Amino acid sequence: MTQVELYGWQKDLHLDAQGRIVRQPAGSVILEYNAWSSSNITTYIAATLLRDVIGVNVSVVEHPSTAGIYQRVATGVTDFVPEVWPENKEALYDSYIVQSGTVQDFGLIGFNGIFSLYVNGRAAQAQPDLVWIIWQSYRRGNPVLNYLPPFGTTPPARTANGGYLCDSETYPWCTNGMFIPPQCRPDPSQCRELWHLHPSYSLGSIEQFITTMNLSLVVVYLDDTPDSQARLLACGRQSTYACIFGYWEPGPLLAQESFLPVILPTSTPECWSKFDPKLTGTNQTEMRCGWSPHVLHKIGSPRLATQHPHIFQLLRYMSLKESAITSMLNDNSNGNSTEATACNWIKGNENLWSRWIQAPPEGFIRQVTALDLDNPLTILIYSFCCILCLVLAATGYVVVRWRKSVGVREHSPPFLLMSLAGLMMVVCSVAMEMHPPRTPVVCSLRVWSLSLGFTILLSGILVKTWRISRIFSNRQLYSKPLKNIHLFAAVLTLTAIDAALLAAWTTSSSPAIGYLPLSSSTVLHNCTYPTGDTLMATVITATLIVYQASLLCMACVFGYRIRNAATVGNESRYIAMSAYNIALIGLFVIPISFMPLNPLMQVAIKCLGVLLAVAINLSLLVLRSVVFVFVSRRPSLAIGQTVPRKKRGISVSMEESKGRGQAVGFGGLPPIRSSAFAENDSVCSGPFACFREQ
């Protein structure tokens, strides 16, 4: 067992003699990180644990800043943000978390963040007589300024289109890509450079602090690029000159080299209330303090707590110490990728993150079982299918072989064969139901075979009962008789409608292979039909069921009307009984298929019920005529032919019985005719004989 399997969420998915191990979906989550190193690392730690230990489907997206971060979480664009700086977000926190509840506070990340001014420590060590770490050291006349780059040493950064990074249109305090405070404007050469990566990082607060506190510094914007990071890092690794810059902690530069924070006046709400970024660089606003530390926290979607508590617990408990993030920032800066840095920390700190992992719920990992030949139910149903297939094949052979005999010809061999074909399709559907599906095509074939098979059978019964009903209710029918080709066309049309509905159902429902729960520890590998996932799928499924039910109801209605028709061997009654049989079994089987029962029980009831319907219909519609073929003394006699009478057990020849013979009906018996047609000898005796061309 691997390391992650010990937590119970992941198992080695493999095929073996006992079946397959399957786990429930662990959910999905979208993690957002922003364009700084600590945010990247914390996000990848969360993503790696969710994906590799719990098995969550994780997506990681980057946004360059935290602007709009609360709205993205509230609208579902992002599910979780592991590092949020609360500066200037108090109103958003109150609106989205406190009042509306569309965003949830996931707690603190564990380390604080702060923006401040820093100076390289090696220069301070090389000149111990100078005071480097207080803000007053950067006023005019202080010797510390002599170690800073003079004005004009560093070119300001430009954008891709050639303009300045700090343009006066976006940032009104900038001139030619730099900020020159009022005290330096008469003679900028008397001031020194302060490097800043991007004007949006402080939004005028550094610039106004320089203006208000009368510092001899000019702000040059370098842009937050690898080259600028390398420039700052190179400054920190030497001691001949100094550099002062604005930066945040935790950050990769501070993790790699010794940079000293400049001590600034303590931040207070009163101080910041007097600062207006729109008036930066003027005497109409002021900034007399530094920046306060920010307690970084995590925010996320409330749905994680309700729908995926295991994801919520990991993200809620996730916490990193300042020493840990500093170490990872250093590791990341030394050439390791963000993913490798996160992975290295996870491997070395399992004792910490293991407490963030929740145990999986009962039944999360389950054994897969399938309807194979080792299952007694499969053996039983396969046996019935084989017996029925043999009987259907043998019956079809007899119908073709003795198609001209009285017993077969009375029932129209083409329609007998059509009924056998429909029954065979139904049996094949049951056989496929018991075989573990390999592709979704098999799942579709199951339904197609069952539906088309019953449609062929029902449409045959329907047109037969309809024509018999017409014969016995309309004496003028024989003036324009319906031929077999008309009835076959009706069957074909009804079957084509069913095929069209099946095609639409297959497209909308998308049958697939899935797992049906049997117990808390096992699932059944079988087909799934998501018919209720969309409105279109539901409508088409309902239409298909209503269509099949309509065919069955009409067959039952016409069967009831002809139940007492005077036909040879009471064939009309058996046709009606066949329709009733399908209706009764369908009323029992179909509801069970949609009830929340054990899937194995549903399969057993469905398959046995369908096979029972096949056996009964085979007996009522076809086997009776086949049996009479073998029990008749002379099965080759045609209707109206005479048979010899017996005298005291001795047969009389045809010649001897001339003039006193009697007409032969089915099986050598006198035909039974309706009194309404007694005077018309052209009326056929059997109900299926109505299909014979007149």
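I am working from a predicted model.

**Entry 1: salt bridges**

I searched the whole structure for salt bridges and got nine. I then went through some of them one at a time.

I looked up Asp79 first. Its side chain meets that of Arg303 in a salt bridge, N to O at 3.0 Å. Asp79 sits in the loop between helix H2 (69-74) and strand E5 (80-84), and Arg303 sits in helix H9 (residues 303-307), so the pair ties together parts 224 residues apart in sequence. Is Asp79 buried or exposed? Asp79 is buried, at 4% relative accessible area. Arg303 is partly exposed, with 25% relative accessibility.

Next I checked Glu433. Its partner is Arg446, and the closest N and O atoms are 3.7 Å apart. I noted both Glu433 and Arg446 as buried.

I also looked at Glu286 and Lys274. Their side chains form a salt bridge at 3.9 Å, N to O. Both residues lie in the loop between helix H8 (269-273) and strand E12 (294-300), 12 residues apart. Glu286 is partly exposed at 23% relative accessibility. Lys274 is partly exposed too, at 42%.

One group goes beyond a pair. Arg122, Arg237 and Glu257 are linked in a network of salt bridges.

Which way does helix H14 run against helix H16? I looked up the axes of H14 (residues 376-401) and H16 (residues 413-433). They come within 10 Å and cross at roughly 165°. An angle over 145 degrees counts as roughly antiparallel, so H14 is roughly antiparallel to H16. I recorded the crossing as left-handed.

I then turned to helix H1 (residues 37-54) and helix H10 (residues 309-317). Their axes are 11 Å apart, and the packing angle is about 140°. H1 and H10 are therefore oblique to each other. H1 passes H10 in a right-handed crossing.

**Entry 2: a nonpolar surface patch**

I looked for nonpolar side chains on the surface. Leu380, Phe384, Ile387 and Leu608 form a patch there, with about 330 Å² of accessible area together. Which helix gives the largest share? Helix H14 does, with three residues. I checked Phe384, which is in H14. Phe384 is partly exposed, at 38% relative accessibility.

**Entry 3: backbone details**

I went through the backbone with one rule in mind. Most peptide bonds are trans, and most residues other than glycine have a negative phi.

I found a cis peptide bond from Glu249 to Pro250, with omega near 10°. Pro250 is in the loop between strand E10 (244-249) and helix H7 (252-256).

I then noted positive phi values. Asn214 has phi near 60° and is not a glycine. Asn214 lies in the loop between helix H5 (205-212) and strand E9 (217-221). Ser510 has phi near 50°, again a positive value in a residue other than glycine. Ser510 lies in the loop between helix H18 (484-509) and strand E14 (512-517).

Are these residues buried, exposed or partly exposed? Asn214 is partly exposed, at 43% relative accessible area. Ser510 is partly exposed, at 43%.

Technical notes: Residues are numbered from 1 along each chain as its sequence is written. This is a predicted model: local features need pLDDT of at least 70, side-chain atom pairs count only at pLDDT 80 or more; totals for chains, interfaces and linings use all residues. Side-chain values use heavy atoms; hydrogens and water are left out. Patches are made of residues with over 30% relative accessible area and no salt bridge: like charges are joined within 9 Å, nonpolar side chains (Val, Leu, Ile, Met, Phe, Trp, Tyr) within 5 Å. Accessible areas come from the Shrake-Rupley method with a 1.4 Å probe; for residues, only the protein chains shown count as cover. A salt bridge is a side-chain nitrogen of Lys or Arg within 4 Å of a carboxyl oxygen of Asp or Glu. Helices (H or I, at least four residues) and strands (E, at least two) are DSSP runs, numbered from the N terminus. Buried means under 20% relative accessible area, exposed over 50%, partly exposed in between (1.4 Å probe, protein chains only). Axes are lines fitted to C-alpha atoms, for helices over the stretch in contact, and angles run from 0 to 180 degrees between N-to-C directions. Angles under 35 degrees count as roughly parallel, over 145 as roughly antiparallel, 65 to 115 as roughly perpendicular and the rest as oblique. A crossing is left-handed if the near helix is turned anticlockwise from the far one by less than a right angle, and right-handed if clockwise.
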